[in-house]
Amino acid sequence: MTKEELWQATLAQLQFQISQANFATWLKNTYILAKKGGQVVVSVPNNFSKEWLENKYNKLIFKILRNLDNEVREVNYTVERQAQTQREAASPAAATQEAQLELAPLSVDKTTNLNSRYTFDNFVVGPFNELAHAATQAVTKSPGSVYNPLFIYGGTGLGKTHLLQAAGNQMGKDFADKRVRYVSSERFTTGVVSAIRNHTMDNFRASYRDLDVLVLDDVQFLAGKDKTQEELFHTFNTLYERGKQIVFSSDRPPKAIAALEERLRSRFEGGMIADISSPDFETRMAIIKTKAQEKTLPLEDAVLDYIASNIQRNIRELEGAINRLAAFYKLNNALPTVAEAKNLLRSVIQSPSKFATPRRIVQVVAEFYDIREKDILAPSRKKEIVKPRQIAMYLLREELKSSYPFIGEKFGGKDHTTAIYACAKILKELQDSEGLVEEMTLIRQRIYSG
Amino acid sequence: MKTTVLKDFLKEGISMAERVCAKNPSLPVLSNILMVAEKNILQISATDLEIGVHYKALAKNDKDGSVVVPPRALSQFVSSLTSNQAVLTLKEKQLEVQSGNFKALLKTLDPEDFPIIPSPKGDEPTVEIDAGALVEGVASVIGFVGQTQARPEISGILFSFSQKTLKLVSTDSFRLAEKTVSTRTAAPKEHSFILPAKAARELVNALGERQGKVKIYFSPTQASFFYSQQGEMKEPQIQLVSRLIEGEYPKYQDVIPSNIKTKAILNKNDLIAHLKAASVFSGRTNDVHFILNPQKKAVEVRAQSQDLGEDVSSLEAKVEGEKREVSFNWRFFLEGLAQMKSERVDFGLANEEGPALVRPGASEEFLYVLMPLKL
């Protein structure tokens, strides 16, 4: 019998022996924390429950436990300090106070804009982010001298911001005299705009140019903002000349950012570029375990396994799934079973696949390679069309698990062997060509995000 | 149980306990109070499972015992008594209250069902403090505790002990108050906890203006305040225990502005008068506009209302640094000033859109940080 089952069985018997009001008051949110040798430690929510159970119900509880498991020799009660509750979205009190400014969000450092929650300690490293992690750590140890600039890219929700902020925090801690600042690109842009409007460009420039470390998040948003790009270009040059560290992040490699000035692009590429890809199963498992632990959510292995194998691309989604289960746990005071977890996570897990249809894949691939949809489906054997067609076939197979005959049928009545050949070819190319892997990631992202 | 007790003690104890009783409990016994007669003490207790209080008074006990009664009826009856003492006797599950020629019989509940209020074991670290200082300290910050459920950690008062000082801090994210009081004994180590606002209010209520000392016991999940008056009783007369708010208090030191660029020294009563005058004309957001002008050696106070008109007045002040314009919610400003006892008020501003630092003169005891309104 596991300790959860043991406690459940105990509660089941207890409820007949004490009144309902007492049961609800004193035994709510209790569970067995540990069972070792003959000693059972029961966690209770507060000191009142502890006193009550110790003094009034101890004999009863002991007797029941002993009947269920004759190894039990002793029952202890302890008040556990619960992990901090989630409270990210602190909404300002009332709408009538919209004009009242709030004290700077208290956990964010005012001068650096860094959130102290992000550290290297709570960053899970796996093969998918090893390189980015190592590069960031190297930069953190000697800012400005190894990889400058450091450019990190990867899909949404894979931990870029975490890594960047952790680097900033670490540098702020290790080098107290260095001025570190973390800025999102959006904020940088707003800064440029208001500097232009208020004629305070000089102040704006000065505020960035005396930094020792500049961390700029999500630079893909600079696309098409020419004046901001120009300011960044000059800021970059000034800092770079003085040997100051600059760290960028983006959701795609510099080459793939459209409407980015060439001189800025070449600067992004001038230092070290590290990517964060999707986490593998083991790493996802490790991440879920860490998150569940942070929330003191003792989930079953089968449930963890289910989440890890079904949410693959996005760590933020993993976190969302854990939050959902945590809410369930809090509400029902029982851990979700695999079936319940499936039910709870249905919307998280299934929502992406409903967007991926054969039509959608063909549409996105055509759009990506800038060809017409009907060309892909037509029997043309032009080189520039054959490759996209093969990619589309491969995606149909991989994403939708379509059968080869179906795929052949779809692309202008081709034979199923053609489809098999296309998939095998792309699979091989994926192993050889780094460029194709990137293209594939981008296409997948577009399929699921569009 | 049979005990004779002074009416005033009885009244005081019941009303203290009544305030703590749970209002709509899942467990009916929680809306009642427990009275225990033992040796020469009558103890009155109540709890809502978050806070627990014990009130102890000297009594002449003929027979020890305990009883659980509803507090409202008892307190109303006791306050109408004319004689200065009362005899409480338990007779077959009913409590007889007799005083002079008044007599009442009250229904009771089984004392066995009453929760056990957890007390400190005695090996916890402790600090002793003057009751007056504690009450004054808590009372001067209690008004600024956040009401929002979204951030539980600011819905209480931070008690932060270091050596012989206790810093009490509260914030609702628009303003922040910090009061420093000294303790009688030094804390064994740096220690802090967050006391829920309700417990803090009950503490102020229970101690009132009493003279004496309070011993504070720290444990990881609860805090206990034991009040004793020097003199006749060895045991503490009032004990209040409360659960603590879990979580970490924000690093509040970071929001206290340090590089003051504009500073004004004002007379507090003048400032209050001007704020009140300007408030007549202020709008929906309670905004009052300030211009700190070092050349004119004045602080101009303005408020404007489209319907009513405007207030433009000027306050003589010593102003140093840059000229600055800033708006505040006058209600927030006044509430902060109300906690200052000095004649002089120092008012400092750091950077644009940053908070103001208000202090009572040069005193380090109290500080108030207030965010401006958007211009």
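How many helices and strands are there in chain A, and how do helix 6 and helix 8 of chain A pack?

Modeller: Chain A of this predicted model contains 20 helices and eight strands. Its C-alpha trace spans about 80 × 65 × 45 Å along the principal axes, and of its 450 residues 43% count as buried. Where contacts in chain A have a separation of 6 or more, 70% of them come from residues 24 or more positions apart. The accessible surface of the chain amounts to about 22900 Å², with 50% of that area belonging to carbon and sulfur atoms.

Turning to the pair you ask about, two packed helices are described by the angle between their axes and the distance between the axes. Helix 6 of chain A covers residues 185-198 and helix 8 of chain A covers residues 226-241; they pack at an angle of about 100°, and their axes are 10 Å apart. Because angles of 65 to 115 degrees count as roughly perpendicular, helix 6 of chain A is described as roughly perpendicular to helix 8 of chain A. From helix 6 of chain A, the contact is made by Phe188(A), Thr189(A), Val192(A) and Ile196(A), while helix 8 of chain A brings Lys227(A), Thr228(A), Glu231(A), Leu232(A) and Thr235(A).

In chain A, Asn148(A) and Pro149(A) are joined by a cis peptide bond, with omega at about -5°, and Pro149(A) sits in the loop between helix 4 (130-141) and strand 4 (150-154) of chain A.

In chain B, Glu92(B) has a positive phi, near 45°, without being a glycine; this residue belongs to the loop between strand 7 (85-91) and strand 8 (94-99) of chain B, and it is exposed, with a relative accessible area of 78%. Ser173(B), also not a glycine, has a positive phi of about 75° and lies in the loop between strand 12 (165-171) and strand 13 (175-182) of chain B, but Ser173(B) is buried, its relative accessible area being 8%.

Terms used: Residues numbered from 1 in each chain as written. Chains lettered and ligands numbered in written order. Predicted model: local features only at pLDDT ≥ 70, side-chain atom pairs only at ≥ 80, totals over all residues. Heavy atoms only, no water. Axes fitted to C-alpha atoms, helices over the stretch in contact; angles between N-to-C directions. Helix = DSSP H or I, 4+ residues; strand = E, 2+ residues; numbered from the N terminus. Parallel < 35°, antiparallel > 145°, perpendicular 65-115°, else oblique. Contact = heavy atoms within 4.5 Å. Buried < 20%, exposed > 50% of the residue type's maximum accessible area, 1.4 Å probe, protein only. Areas by Shrake-Rupley, 256 points an atom, 1.4 Å probe, with all protein chains shown as cover.
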